[in-house]
Each structure stands twice: as structure tokens, then as C-alpha cells.
Amino acid sequence: LAQVRGSRLSKSKAMAAMVRIQVELLSGEGASLEVTPDMTIGQLKEEVKAFHPSSDEIIRRLSSVEIVLDGAKLNDESMSVAESLPDHAKVQVFFHVKPAIECVSKEASGCRVDKLLDVCIPDTVTSIQPEAFSSCRCLVRVVIPESAT
């Protein structure tokens with residue numbers, strides 16, 4: 001959904017130079033992002049999230065970012081930009097929202113409570129237990145069917 005171009009402004013042995021990343025969305029809109037070469041890919045993904053094209057804050061928070069270089073995903077989020085992106089790299093950035101987890105409580109979700117972000121309660125559910133999602137501090141959205149009370 002977006003294309004990013006990276007180029008080193010200078011090559012410093014101390015790695016103090018910034019890396020300029022040009023973010024271009026498919027809509028044609030673009031922005032420049034400067035990052036340090038020691039920034040990790042995981043941190044870069046968080047920075048790139050700011051360019052998500054959706055105006056819906058919930059969708060933006062639920063979205064994950066994939067960065068692809070020469071047809072391969074950059075999955076090692078602990079690697080630095082300097083280790084991952086060569087000079088004048090052209091990478092593609094994809095935003096996507098994982099489907100909601102269908103469940104009736106945090107116990108039925110099969111997830112750790114700190115990973116439970118988006119829940120869809122099945123249409124067959126007619127009641128929801130009190131505190132079904134208590135202590136799920138990261139929960140961003142719960143879709144409750146009309147059948148539930």
C-alpha cells in the first residue's frame with residue numbers, strides 16, 4: 001500500500017548519520033522520514049504507522065506493518081536499519097488489519113490478555129458474562145451482536 005525509498009545521507013563509522021526514508025502512498029501522497037541507522041526494523045515499523053492512510057484511529061491502532069525488500073519481508077524486527085536496508089533501497093510497506101478473534105471471553109480467546117486487541121462475539125451468543133474481558137488493557141474493539149444482552 002505504500003512504497004518507501006531509503007538512502008544514507010552519509011556513511012559515518014560512528015553510525016551517527018541519519019537515514020532518510022521517503023514514504024509514498026499509493027494515493028500519490030508522500031512524506032520524508034529521517035531515522036537513525038541503529039533504529040530497529042520494529043521501531044521503523046512503528047514510525048511508518050504514522051503514514052497509515054486510514055483516518056479511523058481504531059483501524060490505525062489495529063493495523064500491523066509489513067516491510068518488503070526485494071520481494072522478501074523484513075521479519076527480524078531486532079535488526080537495525082543499517083543492517084537491513086542497503087543504500088538507496090526501495091522497500092514496499094503494507095498495512096493490514098488481522099481479523100478479530102471470535103470468542104465470548106478472554107479465557108475462550110486462546111490469547112494472552114496483553115495480545116487481545118480485537119474481539120468479535122459470535123452471533124449465536126445471547127449473553128455475555130460480567131468481567132468477560134476484565135484486565136484486557138490492550139483491547140481496542142469489541143463487536144457485540146444484537147442477539148447479546
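Modeller: Let's start with S54, which contacts I59 and R60 once neighbours within four places in sequence are set aside. Please keep in mind that this model is predicted.

Colleague: Now the charged pairs. Why are K45 and E77 called a salt bridge?

Modeller: Their side chains come to 3.1 Å, N to O, and the limit is 4 Å, so the name applies. K45 belongs to helix α1 (residues 41-48), while E77 is in the loop between β5 (72-73) and α3 (81-84). The two are 32 residues apart, so this pair links distant parts of the chain.

Colleague: Is K45 buried or exposed, and how do you know which class E77 falls in?

Modeller: K45 has a relative accessible area of 7%; buried means under 20%, so K45 is buried. E77 reaches 41%, which lies between the 20% and 50% limits, so E77 counts as partly exposed.

Colleague: How many salt bridges does a search of the whole structure find?

Modeller: Four. Another one of them joins R112 to D114, with the closest N and O atoms 2.7 Å apart. R112 has 53% relative accessibility and, because exposed means over 50%, counts as exposed. D114 is partly exposed at 37%.

Colleague: And R141 with D118: what does that pair tie together?

Modeller: Their side chains meet in a salt bridge of 2.8 Å, N to O. R141 lies in strand β9 (residues 141-143) and D118 in strand β8 (residues 118-120), so the bridge ties together parts 23 residues apart in sequence. D118 is buried at 7%, whereas R141 is partly exposed at 27%.

Colleague: What about β4 and β5: parallel or antiparallel?

Modeller: Antiparallel, joined by two bridges, with L69 opposite A72 in β5. Their hairpin has two residues between the strands, and D70 takes a positive phi near 50 degrees.

Colleague: Why do you call β4 mostly covered?

Modeller: Six of its seven residues are buried.

Colleague: Which residues touch the most other members of the largest nonpolar core?

Modeller: V35, L44 and L85, out of 18 residues. The elements giving two or more residues to this core are β2 (19-25), β3 (30-35), α1, β4 (63-69) and β6 (89-97). A second, separate core has eight residues, including L116, V119, I121 and C136.

Methods
Residues are numbered from 1 along each chain as its sequence is written. This is a predicted model: local features need pLDDT of at least 70, side-chain atom pairs count only at pLDDT 80 or more; totals for chains, interfaces and linings use all residues. Side-chain values use heavy atoms; hydrogens and water are left out. Helices (H or I, at least four residues) and strands (E, at least two) are DSSP runs, numbered from the N terminus. Buried means under 20% relative accessible area, exposed over 50%, partly exposed in between (1.4 Å probe, protein chains only). A nonpolar core is a set of buried Ala, Val, Leu, Ile, Met, Phe, Trp, Tyr and Cys residues joined through side-chain atoms within 4.5 Å. Two strands pair if DSSP finds at least two bridges between them. Contact means heavy atoms within 4.5 Å.
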